[in-house]
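Please walk me through this structure as I sit with it in a viewer. Tell me what to select at each stop and what is there.

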Amino acid sequence: VAEAGGRMWVARPEERVRRSVPTGDPPRHPTFVADTELVVPRAAVAELPDGRVLGKHRVVIDGLGRMVEEFGGLYWGTRRWSEHEVFWHPFPDPPLEVSGVLGVLAGRGDISYYHFLFDILPRLAFLETPGVPTPERWYVPLQHGWQREALELLDFLPQESLVDADQVLHVQAETLLVPGLPDVEMRTPPWAVSFIRERLRPPELGLVPGRRIYVTRGQRRNNRIVRNEAEVMEVLGGRGFTFVDPGTLSLVEEIRTFAEAEWIVAPHGAALANLVFASPGASVVELFAPDYVQGSY
């Protein structure tokens with residue numbers, strides 16, 4: 001960053017996170033046991049003169065034409081910079097040029113509900129670091145309605161100050177302001193959970209005794225679906241559970257649904273990002289495929 005004439009601010013120091021092993025069948029699954037202690041690296045904000053963002057994986061490039069890996073380099077399945085998709089097409093279309101300071105909220109995985117909530121929106125907290133300039137415009141993903149809803153709940157207006165990252169895949173700013181990811185390994189530090197909860201969950205919401213929900217992954221072709229879902233719902237329905245498809249709800253409705261639920265049963269998936277809105281005392285049963293147990297979320 002310094003070699004490209006920019007500046008950088010440390011927004012959060014390195015932190016160590018300790019977690020207990022959840023109750024499950026089989027007990028003490030190796031994935032959870034291995035994740036009882038995590039080290040989350042320090043996070044920073046970079047200011048890049050003539051910086052660019054390129055491609056659907058939101059690669060950040062400094063004014064000298066170099067990828068800045070920490071601020072949007074590697075993505076799923078890549079192990080080193082040379083494997084990145086951006087190098088498959090060395091002659092991209094010219095960028096949209098933006099004057100002034102352009103803040104970047106677009107990032108790898110922002111098409112996913114979970115990653116948008118926990119990798120993208122918490123980056124706003126970094127821009128509150130003393131000394132960091134205030135962006136005049138924002139580069140944000142706007143493809144999905146829940147992205148727009150979240151930005152509206154965060155008072156991200158007026159619309160004319162937003163550059164749609166899904167429509168403009170290559171942008172260059174007079175000054176690019178890029179907050180880092182909460183964690184480059186795509187884990188969720190506790191402060192990010194608190195940030196989303198405090199900014200999006202209305203404080204008056206609370207647990208409603210007896211409200212029980214089963215959360216489906218929907219009827220579209222998908223992975224990690226429950227094959228005998230009808231039979232599961234027949235059993236749960238007799239115990240007072242209602243069927244919830246988050247894909248049919250607005251973001252406000254999703255927040256309320258999870259905030260009021262006393263019991264939540266669901267297969268592992270992005271919809272469980274909504275556990276960030278659950279109330280104290282709520283109980284959760286998460287269903288995993290035997291060969292796909294994710295513990296670092």
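This is a predicted model: local features need pLDDT of at least 70, side-chain atom pairs count only at pLDDT 80 or more; totals for chains, interfaces and linings use all residues.

**Stop 1: the cores**

Select Leu117, Leu121 and Phe156. In the largest nonpolar core, which has 39 residues, these three touch the most other members. Two or more residues of this core come from each of strand E4 (43-49), helix H2 (113-120), helix H3 (123-126), strand E8 (137-140), H4, helix H5 (190-200) and helix H7 (251-260). H2 is the top contributor to the core, with six residues. In soluble globular proteins, nonpolar side chains tend to be buried together.

Stay on Leu117 and show its surroundings. Setting aside residues up to four places away in sequence, Leu117 touches Pro122, Ile196, Leu200, Ala273 and Phe277. Then select Val104, Val163, Val168 and Val171, which are among the 19 residues of a second, separate core.

**Stop 2**

Select Tyr114, a residue of helix H2. Is Tyr114 buried or exposed? Its relative accessibility is 8%, so Tyr114 counts as buried, the cut-off being under 20%.

Next, select Tyr113, Phe116 and Trp146, which ring pairs link into a cluster. Over the whole structure, a search finds six aromatic pairs.

**Stop 3: helix H4**

Move to Gln147, which lies in helix H4 (residues 145-153). With 1% relative accessibility, Gln147 counts as buried. Which residues is Gln147 in contact with, leaving aside its neighbours within four places in sequence? They are Asp110, Ile111, Phe116, Pro141, Leu142 and Asp166.

Glu152 is also found in helix H4. Here the relative accessibility is 46%, so Glu152 counts as partly exposed. A C-alpha to C-alpha line from Glu152 to Val284 spans 29 Å, with the two residues 132 apart in sequence.

**Stop 4: helix H7**

Select H7. Seven of its 10 residues are buried, so H7 is largely enclosed by the rest of the structure. The buried ones are Leu251, Glu254, Ile255, Thr257, Phe258, Ala259 and Glu260. Now show what covers them: the cover includes H2, H4, H5, strand E11 (212-215), strand E12 (241-244) and strand E13 (263-267).

**Stop 5: a pocket**

Select Leu54, Gly55, Lys56, Pro92 and Leu169. Of the 16 residues that line the second largest pocket, these lie nearest its centre. The pocket holds about 280 Å³ of space. Its lining divides into six nonpolar, six polar and four charged residues.

**Stop 6: the cavities**

How many cavities of 30 Å³ or more are there? The count comes to two. Rolling a probe the size of a water molecule over the atoms shows where empty space is left.

For the largest cavity, select Phe71, Gly72, Ala106, Gly107 and Arg123, the closest to its centre of the 13 lining residues. This cavity contains about 60 Å³ of space. Its lining has six nonpolar, three polar and four charged residues.

For the second largest cavity, select the residues that line it: Val215, Thr216, Arg217, Ala266, Pro267, Gly269, Ala270, Ala271 and Leu272. Its volume is about 30 Å³. Six of the lining residues are nonpolar, two polar and one charged.

Technical notes:
Residues are numbered from 1 along each chain as its sequence is written. Side-chain values use heavy atoms; hydrogens and water are left out. Rings of Phe, Tyr and Trp (its six-membered ring) pair if their centres lie within 6.5 Å; planes under 30 degrees apart count as stacked, over 60 as edge-to-face and the rest as tilted. On a 1 Å grid over the protein atoms alone, a cavity is a set of points where a 1.4 Å probe fits but cannot get out, and a pocket is an open set with protein on both sides within 12 Å along at least five of seven lines; lining residues have an atom within 4 Å of a point. Grid points are joined across faces, edges and corners, and a volume is the space filled by probe spheres set on the points. Ala, Val, Leu, Ile, Met, Phe, Trp, Tyr, Cys and Pro count as nonpolar, Asp, Glu, Lys and Arg as charged, and the others, Gly among them, as polar. Helices (H or I, at least four residues) and strands (E, at least two) are DSSP runs, numbered from the N terminus. Buried means under 20% relative accessible area, exposed over 50%, partly exposed in between (1.4 Å probe, protein chains only). Contact means heavy atoms within 4.5 Å. A nonpolar core is a set of buried Ala, Val, Leu, Ile, Met, Phe, Trp, Tyr and Cys residues joined through side-chain atoms within 4.5 Å.
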